[in-house]
Amino acid sequence: MESYAKVRLIAIPGFMVLMILEWLVSLWKGKTAFRSMDTISSLRSGSTNTLKSILKLTIVIISYDWVVDKVALVHIETTWLVWVLSFIAIDFASYWSHRLAHSVNIFWNRHVIHHSSEEFNLACALRQTISTFVSMGFIFLFPAALLGLPADVIAVIAPVHLFMQFWYHTTLIPKLGWLEYIIVTPSQHRVHHAINDIYLDKNMSAIFCVWDRIFGTFQEELDEEPCVYGVKRAVQTWNPIKINFQHLWMLAQDAWRTEKWWDKIRLWYMPTGWRPADVLQKYPIDYTKDAHTQVKYDTKASTALHLWSWFQYLLLTFLMLHLLVNIAQLEIVPLFMYSGFLFLMVYNYTTLMDRDSTAIWLEIVKAIAGFGMISYFGDWFLLDNMIGGGTILMMGYVILSVLAAAYFVVYEIGKNPAVSLQTSK
């Protein structure tokens, strides 16, 4: 856990620098690469994924090192060739895991968050799942285990492989010539995130695009077909926790509503988007039939609400970094309580971003939880060691958060509860 925290402490500032650079370049080029609320939602998705990883809420049915010990045909020494083969094996496994997520209803739920942004920028790369509770990665790494590729090498390469997928989430980099035949590029990944019919479920490779070319899922970005981003069934919220479970909730509702027992069972494993005929007729859902008629979700928020949302983002980022720095000093109970507070913080202010009046009651619950933790532990999780009077500042924050939510609910949301939508054109 400590090593994971150290990696994140390095990665988070690096990602932030690159996103700021992309934003500045987009301003210089006169392109709209970011929208305020969408960007905050993306960044907070990354935070919730980090918190889930810290808490180790994913059950590993069979670990890779166990598979290597039990089924490896040979055991090989660690050489440069082993590192290369391990990277290729992870990339191969990533392709098939990714393709499965696009192909089967139940597995789409863990991936929809990554596609949910209706913009395409480096921030949306951070939209990572918190809804995967059972890991089955060993299935696609089985060939690597048979070859005896060492578990410690796989463990080192896996996060590096993941971070290498960050850079190509941008509209600012054009096609890259001969590199388009070797690696996944921004152009190829723009296609992957597009909801245009010709682009759907294409370009699923992570690093080497050869897998798409071999297995028939490659599609070039076409000048005459500009990419439109998002998902066919628009999420219609800035709340990343809601987004993570929307599809799962729809499947559960369909399983309850359908009359046929066979449909109740098979709908989870049918192709993505499949619904029982009786449910489809009684409970139709809205989805984008023509990508070029897409209407983007965009709440009608005041400048004050935008500024408050960014303040909440900055404070939560600081608190998460504080948690990562002090993770070795926290026992399991305070670790879960601190992380739970941060999850609640994300849920609350993204609910306010959605202009949902329940935000005020959520903030009251958060305030009670915050003061309860301070009363129980005597301080705010060693924050006073970093900042003099840190606990007092946290007490001030939770009170301010309630007052701010009350102001926005009464004077902004209450007077004009509607949300505005803007077309993608």
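## Close-up views of a predicted model

**View 1. Helix α4 and the helices around it.** Helix α4 covers residues 80-103, and its 24 residues reach 35 Å from the first C-alpha to the last, close to the 34 Å expected at 1.5 Å a residue. The buried residues of α4 include Val82, Phe87, Ile90 and Tyr95, and among them are also Ser86, Asp91, His98 and His102.

View 2. Trp80, Leu81, Val84, Leu85 and Ile88 together make a nonpolar surface patch of about 480 Å². One of these residues, Leu81, is found in helix α4, and Leu81 counts as partly exposed because its relative accessibility is 43%.

**View 3. An aromatic pair between α4 and α10.** The count of aromatic pairs comes to 21. In one of them the ring centres of Phe92 and Phe215 are 6.5 Å apart and the ring planes stand at 55 degrees, so the pair is tilted. The pair links distant parts of the chain, with Phe92 in helix α4 and Phe215 in helix α10, 123 residues apart. Phe92 is partly exposed at 27% relative accessibility, and Phe215 is also partly exposed, with a relative accessible area of 30%.

**View 4. An aromatic cluster and the backbone at Phe381.** Tyr338, Phe341, Tyr376, Phe377, Trp380 and Phe381 form one aromatic cluster. Phe381 is found in the loop between α16 (359-377) and α17 (383-386), and although Phe381 is not a glycine, its phi is positive, at about 45 degrees. With a relative accessibility of 3%, Phe381 counts as buried.

**View 5. Two residues of the loop between α9 and α10.** Asp201, which is found in the loop between α9 and α10, is a residue other than glycine with a positive phi, near 55 degrees. Asp201 counts as partly exposed, at 38% relative accessibility. Asp197 forms a salt bridge with Lys232, and the closest N and O atoms are 3.2 Å apart. This pair links distant parts of the chain, as Asp197 is in the loop between α9 and α10 while Lys232 is in the loop between α10 and α11 (240-257), 35 residues apart. Asp197 counts as exposed, with 56% relative accessibility.

View 6. Twelve salt bridges are found in a search of the whole structure. In one of them the side chains of Arg35 and Glu119 meet at 2.7 Å, N to O. Arg35 lies in the loop between α1 and α2 (36-55) and Glu119 in the loop between α6 and β2 (134-135), so that distant parts of the chain, 84 residues apart, are linked by the pair.

View 7. Lys366 and Glu363 form a salt bridge in which the closest N and O atoms are 3.0 Å apart. Both residues lie in helix α16, three residues apart, which is about one turn of the helix. An α-helix has 3.6 residues a turn, so residues three or four places apart point the same way. Lys366 is buried, with a relative accessible area of 0%, and Glu363 is buried as well, at 3%.

Conventions:
Residues numbered from 1 in each chain as written. Predicted model: local features only at pLDDT ≥ 70, side-chain atom pairs only at ≥ 80, totals over all residues. Heavy atoms only, no water. Helix = DSSP H or I, 4+ residues; strand = E, 2+ residues; numbered from the N terminus. Expected span 1.5 Å × (residues − 1). Buried < 20%, exposed > 50% of the residue type's maximum accessible area, 1.4 Å probe, protein only. Patch = residues over 30% accessible without salt bridge, like charges linked within 9 Å, V, L, I, M, F, W, Y side chains within 5 Å. Areas by Shrake-Rupley, 256 points an atom, 1.4 Å probe, with all protein chains shown as cover. Salt bridge = Lys/Arg side-chain N within 4 Å of Asp/Glu carboxyl O. Phe/Tyr/Trp six-rings, centres within 6.5 Å; stacked < 30°, edge-to-face > 60°.
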